[in-house]
Amino acid sequence: MTGAERHFDGAGSGGDNGLADGLERLWTPHRMTYISGEDRPAGGYEKPTGCPFCLAPGLPPDESLVVARGEHVFAVLNLYPYNPGHLLVCPYRHVADYTELDVPETAELAAFTKDAMRVVRHVSNAHGFNLGMNQGGVAGAGIAAHLHQHVVPRWGGDANFMPVIGRTKVLPQLLADTRDLFAKAWPA
């Protein structure tokens, strides 16, 4: 078999030699917008006018993916989820650092995180969660200018062959459908 044949049939050895690595591909071209930064506003995320977390609460529910709204914070599905049901809890106020939250914002952010965990357990029987905030770009925050708490559901075996061997994430439901389920289950 020639190198070109290996390249096209996926049986190559991988590495940086330009040959295929033997992995199947599940193409997700919509992610390129995020990766390339094409959808970033001209002024960046620093100003509320370009911040998706500032804009989301003002959009219609089917466009915003907002699941629940409080007085100081809201819960929204992550447009680029790590796992199905990955929620973000965001203050309405455009603040970057956890220490900038006032006491009511901090309290409601904590309460919404607890509600998010309860809702996801109820709707999808999550076995556990990863919770966290990436503070600053160097800490991994994609949108460092607007604080957001990640609530990532986990299940036993969710790191199965698909992401580990197949190098593919499976999202079994459209985000809009997940948003509807979570919104209906959110405490009033």
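User: What share of the contacts between residues at least 6 apart in sequence joins residues at least 24 apart?
Analyst: In the protein chain it's 58%, with contact meaning heavy atoms within 4.5 Å. This is a predicted model, where local features need pLDDT of at least 70, side-chain atom pairs count only at pLDDT 80 or more, and totals for chains, interfaces and linings use all residues. Residues are numbered from 1 along each chain as its sequence is written, and side-chain values use heavy atoms, with hydrogens and water left out.

User: What makes up the chain, in order?
Analyst: There are 7 helices and 5 strands, running α-α-α-α-β-β-β-α-β-β-α-α from the N terminus. Helices (H or I, at least four residues) and strands (E, at least two) are DSSP runs, numbered from the N terminus. Of the 188 residues, 34% count as buried.

User: How do you know that the span of helix 5 agrees with its number of residues?
Analyst: The expected span is 1.5 Å times one less than the number of residues. Helix 5 covers residues 103-124, 22 residues, so it should span 32 Å; its end C-alpha atoms are 31 Å apart, which agrees.

User: What caps the N-terminal end of helix 5, and what follows the helix?
Analyst: Asp102 does the capping, with a side-chain oxygen 2.8 Å from the backbone nitrogen of Glu105. After the helix comes Asn125, with a positive phi near 55°.

User: Which elements do the buried residues of helix 5 pack against?
Analyst: Strands 1, 2, 3, 4 and 5, plus helix 7 (175-185). Among the buried residues of helix 5 are Leu109, Phe112, Ala116 and Val119.

User: How many aromatic pairs does the structure hold?
Analyst: It holds 2. Phe112 and Trp186 form a tilted pair too, at 5.3 Å centre to centre with 45° between the planes. That pair links helix 5 to the segment after helix 7, 74 residues apart.

User: How do you know that Phe112 and Trp186 are buried?
Analyst: Phe112 has 7% relative accessibility, so it counts as buried. Trp186, at 10%, is therefore buried as well.

User: Which residues touch the most other members of the largest nonpolar core?
Analyst: Phe112 and Trp186 are on that list, along with Val67, Val76, Leu87, Val151 and Phe182, in a core of 31 residues. A nonpolar core is a set of buried Ala, Val, Leu, Ile, Met, Phe, Trp, Tyr and Cys residues joined through side-chain atoms within 4.5 Å. Helix 5 gives the largest share, 6 residues.

User: Why is His148 called buried?
Analyst: His148 has a relative accessible area of 9%, so it is buried. His148 lies in the loop between strand 4 and strand 5, and its side chain reaches the backbone oxygen of His146 at 2.8 Å.

How values were computed:
Buried means under 20% relative accessible area, exposed over 50%, partly exposed in between (1.4 Å probe, protein chains only). A polar contact is a pair of N or O atoms within 3.5 Å; within protein, one must be able to donate a hydrogen and the other to accept it, and residues adjacent in sequence count only if both atoms are side-chain atoms. Rings of Phe, Tyr and Trp (its six-membered ring) pair if their centres lie within 6.5 Å; planes under 30 degrees apart count as stacked, over 60 as edge-to-face and the rest as tilted.
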